[in-house]
Every structure is written in structure tokens, then in C-alpha cells.
Amino acid sequence: MSVIRLSFPYGESIQWFSPEKIDQLPKSPLKDWLLSKGSLTQKLRSHCAEFEVKVLGEGTLTPFSGEFPSQTQAWVREVLLCLDGIPWVFARTLIPGSLLQQKESDFLTLGTRPLGELLFSSDEFSPGRIEVAHFTPCHKLANLMHSLKQDANHELWGRRRYFSYHDEELIVSETFLPAAQQLIKN
Ligand SMILES: C=C(O[C@@H]1C=C(C(=O)O)C=C[C@H]1O)C(=O)O
């Protein structure tokens, strides 16, 4: 894992669309996973005996252009969500400094606890709109797939959710890795 941490951040600039703008969403059940409103952590936990959050890295970075237009810097957390040792989801969360300051200890001490436990444990955060992306990973995300022995040429489906906290907003993107897409299909 330490080698993997060296390449943080893995995220890449992706084109996100609101679901109704995508003419070909995947069939269910993958479509249901992409559009599900509750905690992804909870959903994932019900599909495995052992759930683990592997933190790839955290830090203050410049968002990609178009990723968080109102922010020049954001606190970024990238993790792998693993089910029975198999990485199912690459998640990338962006939190603006103004929100981080208000909940600093919560976010900075998360460690390997899932972010969902924080976002869904109180009504302080409200889940908002969902966007969807369909892409083939390139650069470091492709290398990460390769290091995880998953097909780096496999087209991936991801979703991006906005959570509001008073008048602030954070963004959580979750990409379903090839292993997950295979297992969800069955
Ligand atoms: C937002 C949630 O938290 C999950 C956990 C994350 C983390 O620990 O960084 C990131 C994305 C989510 O899949 C959720 O459970 O829905």
C-alpha cells in the first residue's frame, strides 16, 4: 500500500453528466447502484463479510478545471473501498476549505473509517444531485487499476454526489472498478 500512496492523487478530470442527459445508462443492477441515494458504504457492507477503507491519500490540492469551479483549493481524500479484500470503488472527495474549517476534526481524523459514517450519521449533511460518468481510465488511475490487477482498459461507470452542509457543498465521486462491475452484474 505504501507504494500506492506515493502516486496520490489518482483522480483525473472526467466529464460528468446528469443521468437524464446520458442516452445509454447501464442496465440494472449497476444503474441502481449508480443512482442509489443512501450510503454507498452501507450498501457495500451488505455485499461482503469484510469491508475495508484503504486511504490512498489526503491533502489540500487544486481541483481539476470544472471539478469544483468555485474553489481554487480543496481538501481531497482518495480511497479504495474493498469488499473481502477486493477493491470495488475508487472514491475521491473534495471539501472546500470553508467547510473543512467548520468540521476539521471530523474530516481530518476519519482515517480508515468510511466518510459515509460521518455524512449519514446526522442530518447536518444533506445528499443532493447525482451526476454520472462513463470513461476509460488513463494516466495514474489506469496504473492503479494495473497495480490492483484489474483491467485498466475496462470502461468504468462512476457517479458524483453533492452533499450540502448549511450553505457549503462537498463533492464525493465514486467509480465502480472492473471487479465491482463484474460482481454487480451477476
Ligand atoms: C459517502 C459515502 O462514503 C463512502 C466512503 C468514502 C471515504 O471513506 O472516503 C468515500 C466515498 C463513499 O463511498 C457513503 O458511504 O455513501
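A polar side-chain atom of Glu174 lies 2.7 Å from an oxygen atom of the ligand, and ligand oxygen atoms are also found 2.8 Å from a polar backbone atom of Leu115 and 2.8 Å from a polar backbone atom of Gly116. Taken alone, the ligand exposes 390 Å², of which the protein buries 100% (areas by the Shrake-Rupley method with a 1.4 Å probe). The model is predicted, so that local features need pLDDT of at least 70 and side-chain atom pairs count only at pLDDT 80 or more, whereas totals for chains, interfaces and linings use all residues. Residues are numbered from 1 along each chain as its sequence is written, and side-chain values use heavy atoms, with hydrogens and water left out.

The shell around the ligand holds 17 residues, the closest being Leu40, Thr41, Arg77, Arg161 and Glu174 (a residue counts if one of its heavy atoms lies within 4 Å). By class, this shell has ten nonpolar, three polar and four charged residues, where Asp, Glu, Lys and Arg count as charged, Ala, Val, Leu, Ile, Met, Phe, Trp, Tyr, Cys and Pro as nonpolar, and the others, Gly among them, as polar.

Turning to the backbone, most residues other than glycine have a negative phi, and most peptide bonds are trans.

Key
Polar contact = N/O pair within 3.5 Å; in protein donor to acceptor, adjacent residues only side chain to side chain.
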